[in-house]
Structure formats: C-alpha cells, structure tokens
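Open the model in your viewer and keep the selection tool at hand. The stops below say what to select and what is there.

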Amino acid sequence: MDYNTAFESAVRRVKAEGRYRVFADLLRHKGRFPHARWRNPEGQVRDVVVWCSNDYLGMGQIPCVVESMKGAIDQVGAGAGGTRNISGTTHYHVELERSLADLHRKDGALLFTSGYIANEATLATLGKILPGLIIFSDELNHASMIEGVKGAKCEKHIWRHNDLEHLESLLAAAPIDAPKVIAFESVYSMDGDIGPIAEVCDLAEKYNALTYLDEVHAVGLYGLRGAGIAERDGQMHRVDIIEGTLGKAYGVMGGYIAADGAIVDAIRSMAPGFIFTTALPPALAAGARASVEYLKQAHHLREQHQERAATLKSRLNAAGFPVLESSVTHIVPVHVGDPVLCKRITDMLLDEHGIYVQPINYPTVPKGTERLRLTPTPLHDDALFDQLIDALGDVWARAADQNAQTA
C-alpha cells in the first residue's frame, strides 16, 4: 500500500469540500487582549483583533493568574514529574481540586489534563463501574462526550436535542432496575442555547438516573460565583456529576469533574485517562486556582460579559446579519451556510481588516450550517464593535459574489 498517497488523498478530499483548516500564527499581547500579532504566510507581522477566543473574560492575562504561575515555576520548576499516581500530585493540584469542589458545592473534584479527557475518561469509566449501564446522550453533545459514551461499551440512546418528551420516552422504555446516566450540556457552544437542567433532573429523579452535566462553556461565566448555569438556576445540588474546563473562562488549561466523594474516588481509581496521563504542570494548576478563586468574587465581569454579548447581537441584527436565534447566551453565531464562503469571509476579514475569526465548518457543525462564531469579551469595547460591523459590511457581499463566480 502507498501510505503517503492515502494520506494525501484524505487531505485533498477535505480541501475539495472547502473545510480544510488553516491555523493562524498568533502571539497575544499580554495586557492588551484581545489584540494580538499575526504572522502571515509570507512572514509579515501585523496587529489583529481576536474575535473567536474561548478566553471569554481575558483571564489568561490578568496579573494574579500570571504571577501565580510564575511563582509556582520559581518554587517547584516546570513539570509535575509524572502521573498523579506515581509522582505527579503536588500541593498545587490538591489545592485546585479543593477549590473546584468548593465552587460546585460538592464533596470532591478530580483534575484532568483537559475538558475533553475529563468527559471521555469519566463517561467511559462509568460503563465499567455500573454493570448494565444505559447512557442517554443529547444528540448535540460535544465530541468528547460522544467518545466517552462509545468507550463505555454499554447500551446507549441518543435523545433529540433538548427534547424532554423524547428523553422521557426512552427512559420509560428502559428496564426500571437498570443503572442509567443522562448526559447533556448546559451551554451548547455552537448554537448558544441552554440545556433544560431542572427538567432533566426531574426526569432523572423519576426514573432513578444519574445526571452528567458538561458546563465547560458556562463555568466562570454564570452564577454568582461562576459555577455555571446549574448554579445560576439553583439546580447545582441536583446534578450528580458536573464536568468543567479550566481552558476557557478561566484562561489556563485543564479539565475536571466535581461530584460526591464516592464517585470522584471511583473515577480516580479506575479511569485510564486519569491514571496513565502525566499530571498538569504545577504552574498551570496554580494559575487555574488563582483564576477560579478570583472569579468567585468577580461577578461584575460576568455582568459586563453578558452586556457585551447582548449588545453585539443587537448591533449585528440591526445591520442585517443572520445571527442564529437559538443563542440565548454569550455565544454569537452568525449563519453562513457554505464552507467555502465561510472561509472566504474570514480570510478577507483577516487579510483586509485585521480581524481574526476562525470559520466553523463540518465536523464541528453539520454541513449546511457553517458559521462565524463570535465571542465578545468585556475587553471588546464599542470602537472594536464598530470596526467589526464595518468590516463585515465591507466583505460579506463581496465574498458572496466571489464565491458565486468560482462555484
């Protein structure tokens, strides 16, 4: 077999579909976020404004986080020294897990190297711990949850997105004595809608199921202390397992679960994705803890963030751009509907206006629903809003015309 030809053919197919991804070479300006430096393919460097970062509050640059990371490096060096089970648990990891457990008002928390791994490892391990488990997964759950459900190697049912009647019909048809897990998200990051947490918890109680809630796009951003939508809606105590990330609103890296002590201990003891992975560097744990503790007290940032998102949606709608009506959160998705056109628009924004937005294409979203996904932060001021609206007005129609000519 000609292996290189096979790989080259696979890439050609992706390019032919218009969804080949090109990563922008960026360096953020510490203290000036959302401004960054972009190095184009010719090696030229220019200033750009980032409009698609998941560092939703700019926490990756604030002094308490940066200084905590520097202090940890000065004290203990760079790496953790191994897996948590062998030599990689430091006091920084312990303190972070305590902070996360407190955030979610749970007995314990368990730190993973990413939110993806937290989902995949935890859901897969539940299938090992609970014989005969049936998992009920929302159809729009993140890829990491889908992989975790596959890894559980148990019976599974996919319920239509946020369709409580469909979920209940599936639960009612399952054996009454079978262990069950309902897996869903709070904020769905591509459409910007919210899962019905209270109603899912009602069904879980009725049918004796555990609830597994992915809050990665909500932690730090919702609730009085930033614990997420479940905290905001007064439902946190009803959710059995909460999964979150430290790489979005908290501005650093890592993932975690928070749950009752017995659940956390079982996952810690049995999840290969935890047991066999080198621990996060202590500096990351130190920075993440500083960020979590800061945001427990910084509700004003959440209020500013919500205002910025609402204002941008209003201005885009007023200018005639197709903001998805599903979004009731901080996510601002603008429908394009064609992968080539989506990339053409984002290329023109970057090349001509210094505005960086990554095109969102399949498989991140279904084909035909390609979009721009804008994420305004408290640091995107009105002048940057003006620049974005003007730039979109300049490129939108021209990109569509060029796309039609080359189709």
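**A walk through the model**

Start by selecting Arg 232, which counts as partly exposed because its relative accessible area is 43%; buried means under 20%, exposed over 50%, and partly exposed in between (1.4 Å probe, protein chains only). Arg 232 and Asp 233 form a salt bridge, with the closest N and O atoms 2.8 Å apart. In a salt bridge, a side-chain nitrogen of Lys or Arg lies within 4 Å of a carboxyl oxygen of Asp or Glu.

This is a predicted model, in which local features need pLDDT of at least 70 and side-chain atom pairs count only at pLDDT 80 or more, while totals for chains, interfaces and linings use all residues. Residues are numbered from 1 along each chain as its sequence is written, and side-chain values use heavy atoms, leaving out hydrogens and water.

How many salt bridges does the structure hold? There are 23. Select Glu 17 and Arg 19, whose side chains meet in one of them (2.5 Å, N to O). Glu 17 is partly exposed, at 33% relative accessibility, whereas Arg 19 is buried, at 19%.

Next, select Glu 97 and Arg 84, a salt bridge with its closest N and O atoms 3.0 Å apart. This pair links distant parts of the chain, 13 residues apart: Glu 97 is in helix α3 (residues 91-104), and Arg 84 is in the loop between α2 (63-76) and α3. Helices (H or I, at least four residues) are DSSP runs, numbered from the N terminus. Are Glu 97 and Arg 84 buried or exposed? Both are buried.

**The cores**

Now select Ile 182 and Leu 246, the residues with the most contacts inside the largest nonpolar core, which has 61 residues. Such a core is a set of buried Ala, Val, Leu, Ile, Met, Phe, Trp, Tyr and Cys residues joined through side-chain atoms within 4.5 Å. Helix α11 (residues 282-296) gives the largest share of this core, seven residues. Apart from this core lies another, of 33 residues, including Ala 36, Val 336, Leu 341 and Ala 391. In soluble globular proteins, nonpolar side chains tend to be buried together.

**Last stop**

Finish at Met 1, in the segment before α1 (3-16). Met 1 counts as exposed because its relative accessibility is 77%.

Terms used. Helices (H or I, at least four residues) and strands (E, at least two) are DSSP runs, numbered from the N terminus.
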